[in-house]
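Colleague: Before I use this structure, I would like to know how its labels were reached. Please show it to me first, and then I will ask.

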Amino acid sequence: MLNDDQLSEIADALRAAERDRAPIPPLTVTHPGITPADAYEIQLRNIRRRTARVVGHKIGLTSAAMRQMMGVGEPDYGHLLADMRVEGVADASRYCYPRIEVEVAFILGGDLPGESCTEDDVLAATEAVAPAIELIDSRITDWKIALADTIADNASSAGFVLGDARAKPADIDLLGIEAVLRRNGEEVARGGAAAVMGNPATAVAWLARSVAGFGVRLRAGHIILPGAMDRAVDARPGDDFRADFAGLGEVAVSFTPPA
């Protein structure tokens, strides 16, 4: 466990790395004693001093392959803030190493219970699901991250885009949703919602139970990104992305061209 001064030092370094787009070495190298609990405290310290309001959460490491690669038994999570929402065009100069993930977003119409939350609770409280793209980024040099690195770095979250379509969970085959991601017209990823812990509602229920330990609840109006349906794809200045979701519309984002 790290002491208070070390936690503040790391939080300051990550904040500066994001602000200045100047990645830092892996925290697990510079502070080999860092634990996941330390990393969540670092994440929260930086979230608390952001001026934008929290509008939801994202979940990472929801696929078995990613958890095995990281050597962990469960996913991680980060915060979504109002100033992270992207409306069609992303400023490429804001990011260090941006990547794109395709997800089914959950928009909550009611509060979720905490430690007792189930998949049924999630489906009952969800006002709608929507096609979404998450922009992930790492403030750690060259994405050389272990679990504590990504947790401290707000689960490598950087932005999100929501498509216009909405569907109630009862009106759609949630597990049957498949999406194709194209970059500049070329297919670069394809995946299904069932890749997210077998059911993305399972991921949202896990999140509600996990954040309850920090006194946090998932509230009506929150946007929850439950995890990627396929691999993350590098985003370069000038790239155009479009994801088509079977039965759920599309979502698109473009990155500003090189200066």
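Predicted model: local features only at pLDDT ≥ 70, side-chain atom pairs only at ≥ 80, totals over all residues.

Colleague: What makes β3 and β12 count as paired strands?

Modeller: Strands pair if there are at least two bridges between them. β3 and strand β12 (residues 249–255) have two bridges, in the parallel sense, so they meet the cut-off of at least two. Ala90 itself belongs to strand β3 (residues 89–90).

Colleague: Why is Ala90 called buried?

Modeller: Buried means under 20% relative accessible area. Ala90 has 1% relative accessibility, so it counts as buried. Among residues beyond four places in sequence, Ala90 touches Tyr95, Leu135, Val253, Ser254, Phe255 and Thr256.

Colleague: Why are β3 and β8 said to stand at the edges?

Modeller: The open sheet has five strands in the order β3-β12-β11-β7-β8, with mixed pairing. β3 and β8 (186–192) each have a single partner strand, so one side of each has no neighbour in the sheet.

Colleague: What makes β1 a mostly covered strand?

Modeller: Six of the seven residues of strand β1 (residues 54–60) are buried. β1 also pairs with strand β2 (residues 76–81), antiparallel, through six bridges, and Val54 stands opposite Leu81 there. With strand β9 (residues 223–225), β1 pairs in the parallel sense over three bridges, and Lys58 stands opposite Leu225 in β9.

Colleague: How do you know which residues touch the most other members of the largest nonpolar core?

Modeller: A core joins buried nonpolar residues through side-chain atoms within 4.5 Å. In the largest nonpolar core, of 68 residues, Phe245 and Phe255 touch the most other members. Helix α7 (residues 200–212) gives the most to this core, eight residues. Another core, of 12 residues, lies apart from it and includes Ile47, Met84, Phe160 and Leu225.

Colleague: Which residues is Phe245 in contact with, leaving aside neighbours within four places in sequence?

Modeller: Phe245 is in contact with Val102, Glu103, Val104, Pro131, Ala132, Ile177, Glu178, Ala179, Met229 and Val251.

Colleague: Why is a space called a cavity and not a pocket?

Modeller: In a cavity a 1.4 Å probe fits but cannot get out, whereas a pocket is open. By this rule there are two cavities of 30 Å³ or more.

Colleague: What lines the largest cavity?

Modeller: The largest cavity holds about 60 Å³ of space. Its lining includes Ile100, Val102, Ala179, Arg190 and Asp230. β4 (99–108), β7 (178–183) and β8 each supply at least two residues of that lining. By class, the lining has seven nonpolar, one polar and four charged residues.

Colleague: And how many charged residues are in the lining of the second largest cavity?

Modeller: There are no charged residues in it, but five nonpolar and two polar. The lining consists of Leu44, His57, Tyr77, His79, Val211, Phe214 and Val216, around about 30 Å³ of space.

Colleague: What makes up the lining of the second largest pocket?

Modeller: The second largest pocket has about 420 Å³ of space. Among its 19 lining residues, Arg15, Glu18, Arg19, Arg50 and Arg139 are the closest to the centre. The lining divides into six nonpolar, four polar and nine charged residues, and the largest share, four residues, comes from α1.

Conventions:
Residues numbered from 1 in each chain as written. Heavy atoms only, no water. 1 Å grid on protein atoms, 1.4 Å probe; cavity = no way out; pocket = protein on both sides within 12 Å on 5 of 7 lines; lining within 4 Å. Points joined across faces, edges and corners; volume = space filled by probe spheres on them. Nonpolar A, V, L, I, M, F, W, Y, C, P; charged D, E, K, R; others polar. Buried < 20%, exposed > 50% of the residue type's maximum accessible area, 1.4 Å probe, protein only. Contact = heavy atoms within 4.5 Å.
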